[in-house]
Amino acid sequence: MNVSLNWLGTHLDLSGKSIKEIDDLFTFAGVEVEGIETTGIASEKIVVAQIMEAVQHPNADRLKVTQVDAGEGSLRQIVCGAKNYQVGDKVPCALPGAELPGGFTIGETKMRGVESKGMLCASSEIGLPEGEDGLLILPADSPIGKPVKELYDSDVLLELEVTPNRPDLLSHRGMARELATLLKTPLLDFPIPAVQPVSGASEIQLDAVDSCPLYTAVKIRGVKVQESPAWLKQRLESIGLRPINNIVDITNYVLHELGQPLHAFDAAKVSGKIVIRQAADGETFLALDESEHVLAASDLVISDESNVALALAGVMGGAESGVTESTTEILLESAYFTPQGIRRTSRKTALSSDSSYRFERGVDPQGVFAASALAAKLILEIAGGETDGKTWVTGEAPVLTRPVALDAKKLDQLMGGSIALTDAEEILTRLGLSKQSDGLWNVPSFRADLQRHIDLVEEIARVHGLEKVPSRFLGAFVPASAVDAAYDADMILRRRLAALGFFECQTIKLISDAQVADVLPLRPLQDGDVIRVKLPLSEDHAVMRPSIIPGLIASAERNVRQQVKSLKFFELGRVFRNAGGGKAKDQESETLALLLSGSASPTGWAQKDRTADLYDLKAAISALVGGRQVRFTPKDRAGFVLGSEIKVDDQTVGVFARLSPSRERELDFNTPVYVAELDLGKLRKLLTGVNHVTDLPQFPGSSRDASIELPASTANSVIEAALAKVNEPLLTGFECIDIFTDPSGEKLGADRKSVTYRFFYRASDRTLTTPEVDAPHQKILGALAKDLGVSFR
């Protein structure tokens, strides 16, 4: 809701209150300030100046050097490019330090070599509406040196977010009432004419009492529809509304003044009585915005005796009954419509208006007559015409409030003894409540949200200030639990994977039957191990996932089709399965799944593109477990190739595989897709232990290479296992650096391969001599020859 500060000032005295203070008052009272916009001239350093001299700039054809009198006792030199002024004119002068709209601050500068100490301004440059091209020429009698802001109206527009339970704040009077309570300032008088209600049975037919408990109408004859006076247009424009004509503008003004929506019908277009009824199923309605709607029996319409719908009650008027320039007689409607019906109709028809916004939240039933009287008074003053002074009334205003008790003991308990009972009662009185002789509090009709004791306490706390309520409990120490440790470990994994360039996915825990072929569980599935949903919402959600991999593959597939070149995904989550062919039921576990495909790293001019391979995935897993030995041990998995078990320090922690080439082609992948699924529980244990560190070595190490010839079918893990058995303290590490095969059989048998390893040796207390390195190296080669039957090249 937009609120004008000047408009608020007509209801209470805001002198001496800064925008910051008002902003804080609203915010801490539960009314969120979403925006503050200043209109008009804000800076005091934009003053009236008279141009005393203007000469051609020596270095620029389109600039002039002016001498201006800004009331400082001496002339000020300013370079100006405008052409619409003459010597002797008075114009706005922005002195150094003046802040213009957009956050631009004026300073002293040189323009083409000539010093300029300020700026002569156009209207748009100082926050006024766009004027003529060039400088703003001020009236000749404007006092030199006077701030220009004192010559023009300025305002502050507050954009406020009002919660649905506070419809009483959806008007300037309501906001002023709230602000007066917070400031302990009295509201200014706002006189409203008395109403002469008469029975409207002869003019109004109310057939829907449940949807419209109260309906009133005033007929005004001889009105002249024309442009609104300046003050009324300015009021509406200050909150962003476009003036239309004096009648419509008055109804809009009263709505934003008092919060009660009104509607004016052209009485000449109404046949007989006004009829308030439910719409007929299939009835059509043409709204003021020219949109056509098919109504249902749940919609409330205002019609006449010809059964033509004149308005969609509380939402929008009809195009055929609206006020036009030819209108001379109007029927002014003011009513109370039940919120539920208005909300339903507004949502169904997708029609929303300032009226429906208020009706669907609930207006003050007692405000119906006041709004009608104020609007009728303004119409008679502005548009002319006459009325018999009577208001036709049908129905009764519903009573939405009841007396509420304030429990003093609970108040003291909830407020922590921070407020005395007399002060709490004084706050309720300022809010418009009154205390009865029996101790109950009468709630005003505009505060239907106050129904219980706790509602009164909430209001007291809000106005008193929540910051004044003492804190009763401090944070208590809670020892770390297994849940905390698991969360910490998971966050370590997430951070490490993100640092390696992986993106976290969140996929649904239900998959389709077709996706079961992509699962890579820690233990192979048997018949009966898959858990199926009895009543799935769709075929895509028929199976509880026994592995996270199918979700990652589906995510990768979508990314590939969006031309993503590098795929690095991970997900932590639960998986579900039976075990032993269904003998063990409903087992849940947590796993970490990884997927890698495409470019190993972002491409650029300085490096060549390289396709990611299984060693990149192995490196990522090694980085997760920090310094521990990671080995892949071959173990076939159905539907995959290169299936392996992942071992960390001889403990199996997961499985690795590559999608079969046929499956990769089916999913439009043009590079290999590597996946891994790891037991999250085991990973957490690896991360939650004590991290041990060793000193950096003080002595250099040595290395030796060895080329081993062995059968082509021998896996690298077999070689690593044999090396791990050798108990050699000087061996600090080894790595595979080359593999050679010759399918032709000329240089090496086609069924053989040559694998070159590099071995690293180091002693912690000395530099090793050549014989000291050769001895353990030969020992290792001998162990390999004995255990694996290899030869050396």
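Modeller: Start with E333. It counts as buried, because its relative accessibility is 8% and the cut-off for buried is under 20%. Keep in mind that this is a predicted model.

E333 sits in strand β23. Set aside the neighbours within four places in sequence. E333 is then in contact with Y215, T216, L262, H263, F265 and I302. Take F265 from that list. F265 and E333 are 68 residues apart along the chain. Their C-alpha atoms are separated by 7.7 Å.

Now look from the other side. F265 touches E333, and it also touches Y215 and I302. Both Y215 and I302 are contacts of E333 as well. Further contacts of F265 are V270, L310, A311, S321 and V323. E329, I330 and L331 complete the set, with residues up to four places away in sequence not counted.

Next, an exposed counterpart. V294 is found in strand β19 (residues 292-294). V294 counts as exposed, because its relative accessibility is 57% and the cut-off for exposed is over 50%. Beyond its neighbours within four places in sequence, V294 is in contact with G282, E283, T284 and K348. V294 and G701 are 407 residues apart along the chain. Their C-alpha atoms are separated by 88 Å.

Two backbone angles deserve a check. Most residues other than glycine have a negative phi. A350 has a positive phi of about 60 degrees although it is not a glycine. A350 lies in the loop between α6 (339-349) and α7 (354-359). It is exposed, with a relative accessible area of 68%. D586 is the other case. Its phi is positive, about 50 degrees, and it is not a glycine either. D586 lies in a strand, β32 (residues 584-598). D586 is also exposed, at a relative accessible area of 57%.

K184 is in the loop between α3 (172-183) and β13 (196-199). K184 counts as exposed, at 62% relative accessibility. K184 and I427 are 243 residues apart along the chain, yet their C-alpha atoms are separated by 9.1 Å. D765 lies in the loop between β39 (752-761) and α18 (770-788). It is exposed, with a relative accessible area of 53%. D765 and L466 are 299 residues apart in sequence. In space they are 68 Å apart, C-alpha to C-alpha.

Finally, the whole chain. The secondary structure comes to 18 helices and 40 strands. The chain has 793 residues, and 46% of them count as buried. E333 is one of the buried residues. Consider the contacts with a separation of 6 or more. Residues 24 or more positions apart account for 70% of them. The pair of E333 and F265, 68 residues apart, falls within that range of separation.

The overall extent is as follows. The radius of gyration is 41 Å, whereas a compact globule of 793 residues would have one near 28 Å. Along the principal axes, the C-alpha atoms fill a box of roughly 120 × 85 × 60 Å. The chain exposes about 40,100 Å². Carbon and sulfur atoms supply 51% of that area. As for charge, there are 85 positive and 108 negative side chains. The centres of the two sets lie 8 Å apart.

Technical notes. Residues numbered from 1 in each chain as written. Predicted model: local features only at pLDDT ≥ 70, side-chain atom pairs only at ≥ 80, totals over all residues. Heavy atoms only, no water. Helix = DSSP H or I, 4+ residues; strand = E, 2+ residues; numbered from the N terminus. Rg over C-alpha atoms; globule rule 2.2 N^0.38 Å. Buried < 20%, exposed > 50% of the residue type's maximum accessible area, 1.4 Å probe, protein only. Contact = heavy atoms within 4.5 Å. Areas by Shrake-Rupley, 256 points an atom, 1.4 Å probe, with all protein chains shown as cover. Lys, Arg positive; Asp, Glu negative; His and termini not counted. Charge placed at Lys NZ, Arg CZ, Asp CG, Glu CD.
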